[in-house]
Amino acid sequence: MAAANTVKKLQDEVTCSICLEYFNDPVALDCDHSFCRACITQSWGGLTTDVSCPQCRRTFAQGNLRPNRQLRSFVDMARELQSQAGREPASGRLCEKHQEPLKLFCREDEIPICVVCDRSKGHRGHTVIPAEEAVEEFQEKLQAQLKTLRAEREKLLGLKVSREETSQKYLKRTQVERQKIVAEFQQLRQFLEKQERFLLAQLQKLDKELVRLQTDTVTKLSEQISRLSKRIRELEGKCQKPASEFLQDVRSTLSRCEEGQAQQPEEMAPQLEEQVRGFSQKVIVLSETLREFKDTLPVALEKALTAHRPANVILDPDTAHPQLVLSEDGKRVRLGNTRQPLPDIRERFDSVSCVLGREGFTSGRHYWEVEVGDGQYWAVGVARESVKRKGGISLSPKEGIWAVGWWGGQFRALTDPRTPLPLSPPSRIRVYLDCDWGLVTFIDAAAKASIFTFPPGSLPGERIRPWIRMRGTDTELRLCP
């Protein structure tokens, strides 16, 4: 009877609540309730808007139907059990050794036995109960476990919904902040472009005035030179004539020469000179404005980063490459000459000499400092929790690593392709991690100068951990307190 009840309960679990038949091509909704594909599609009646679950009434997009292959397997099992219950095959109900019905259950061996097995030496002294009682006991335990698992599933479903709502709230907030930043910088770019166009137009206008003035001056000088050349040729011809001809009209010739003496070209027009001075003053004012804006950037950056909280970063020895040597407190790391005999666990880097911080971050703003000294071969930054640990790794955001590094005499941001950094590597680098905005910033801890920033939205929505890579055996990095 108990076995029949078990089959009946299994049949209830694999029955569609709409058609009351075994599931046919079962699909699961986001709420984890399952129905026949044809039944749920017919129930929605071809609606194109958001629809609801017939059981819990939760709404979601209609197209989000997931095939439930595990439930399909349970349906096949239920059909097979129902078929076996009708046939009652002897092979499943008789003892293989004595060909007697398995009506008893041995508690010690936890197997069904027959009455002959009960009297045999192998089960002498064992606690034996009727099979029906054993089924009822285990059925109660299984039902209790099933109840616990269902409650845990409902709890996880509620937690999933809560986390999704929280994530959506943060995503909306970061989107608003992102739009503000884009708008502010768009206004700044428009202002600078407007000033650029204005100054270039003034320059072009000034160029035209200068060209016109130059053309007028050259024209006037050319005319005067032509007149002078004509007078010179006339006087030279006069001087070559005989005395009788030379003295004729000599007085009028001198008068014409005195009247045609060259005059100096006019100086630059006063209004044009004033225009040039005004333009120069505007250029000076704009240059000072740009210089002030540039000087305030470090202050603004420092103000924006004050909301970050200091993080006590400790390196995780379970992730460290076998050649990396960590201090006992997890604050120092260097590259040894040989590989240490460490277990090759899933978390450990095995090819690239990297190590992760023990603590990860999923929200909030955090910072920590790494003292690199005068080391020549290193990289510091952050990596996502799921970063590749085995085999070769591409050190770039595409692989899940955001960092800056110094080796081969080059200080670069580990972008793809690499971004050369104009600064020399400082002795101490402060790493700012903003999980809410999805960005990471590197600062010269001593000079408070910006080194490089990966833009907002660069980091994925998963746990982020501090990351260090070593290449030179003469380099040691220290996490500052």
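1. Asp316 is buried in this predicted model, because its relative accessible area is 12%, and burial here means under 20%. Its partner is Arg465, with which Asp316 forms a salt bridge whose closest N and O atoms are 2.9 Å apart. Arg465 lies in strand S21 (residues 464–470) and Asp316 in the loop between strand S9 (309–310) and strand S10 (324–326), so the bridge ties together parts that are 149 residues apart in sequence. Arg465 also counts as buried, because its relative accessibility is 6%.

2. A further salt bridge joins Lys390 and Asp344, with 2.7 Å between the closest N and O atoms. Lys390 is in the loop between strand S14 (378–384) and strand S15 (401–407), and Asp344 is in the loop between strand S11 (332–335) and strand S12 (354–356), so this pair connects parts that are 46 residues apart in sequence. Are these two residues buried or exposed? Lys390, at 29% relative accessibility, counts as partly exposed, whereas Asp344, at 60%, counts as exposed.

3. The salt bridge is formed by Arg430 and Glu369, whose closest N and O atoms are 2.4 Å apart. Among the residues involved, Asp25, Arg37 and Arg72 are joined into one network by salt bridges that share partners.

4. The count of aromatic pairs comes to six. In one of them, Phe361 and Trp368 have ring centres 5.9 Å apart and planes at 15 degrees, so the pair is stacked; planes under 30 degrees apart meet that description. Phe361 and Trp368 are both buried. Tyr367 and Tyr432 make a tilted pair, with 5.4 Å from centre to centre and 35 degrees between the planes. Tyr432 is buried, because its relative accessibility is 2%. Elsewhere, ring pairs connect Phe442, Phe452 and Phe454 in a cluster.

5. Some backbone details deserve attention. Most residues other than glycine have a negative phi, and most peptide bonds are trans. Against that background, the peptide bond between Asp416 and Pro417 is cis, with omega about 5 degrees. Pro417 is located in the loop between strand S16 (410–413) and strand S17 (419–420). Asp32 has a positive phi, near 75 degrees, and lies in the loop between strand S1 (26–28) and strand S2 (34–36). Arg57, likewise not a glycine, has a positive phi of about 65 degrees and is in the loop between strand S3 (51–52) and strand S4 (59–60). Asp32 counts as partly exposed at 30% relative accessibility, while Arg57 counts as exposed at 58%.

6. Which residues gather in a patch of negative charge on the surface? They are Glu132, Glu133, Glu136 and Glu140. Glu136 is part of helix H5 (residues 131–239). Its relative accessibility of 46% is why Glu136 counts as partly exposed, a class that runs between the buried limit of 20% and the exposed limit of 50%.

Notes: Residues are numbered from 1 along each chain as its sequence is written. This is a predicted model: local features need pLDDT of at least 70, side-chain atom pairs count only at pLDDT 80 or more; totals for chains, interfaces and linings use all residues. Side-chain values use heavy atoms; hydrogens and water are left out. Patches are made of residues with over 30% relative accessible area and no salt bridge: like charges are joined within 9 Å, nonpolar side chains (Val, Leu, Ile, Met, Phe, Trp, Tyr) within 5 Å. Accessible areas come from the Shrake-Rupley method with a 1.4 Å probe; for residues, only the protein chains shown count as cover. A salt bridge is a side-chain nitrogen of Lys or Arg within 4 Å of a carboxyl oxygen of Asp or Glu. Lys and Arg count as positive and Asp and Glu as negative; His and the chain ends are not counted. The place of a charge is taken as NZ of Lys, CZ of Arg, CG of Asp or CD of Glu. Helices (H or I, at least four residues) and strands (E, at least two) are DSSP runs, numbered from the N terminus. Buried means under 20% relative accessible area, exposed over 50%, partly exposed in between (1.4 Å probe, protein chains only). Rings of Phe, Tyr and Trp (its six-membered ring) pair if their centres lie within 6.5 Å; planes under 30 degrees apart count as stacked, over 60 as edge-to-face and the rest as tilted.
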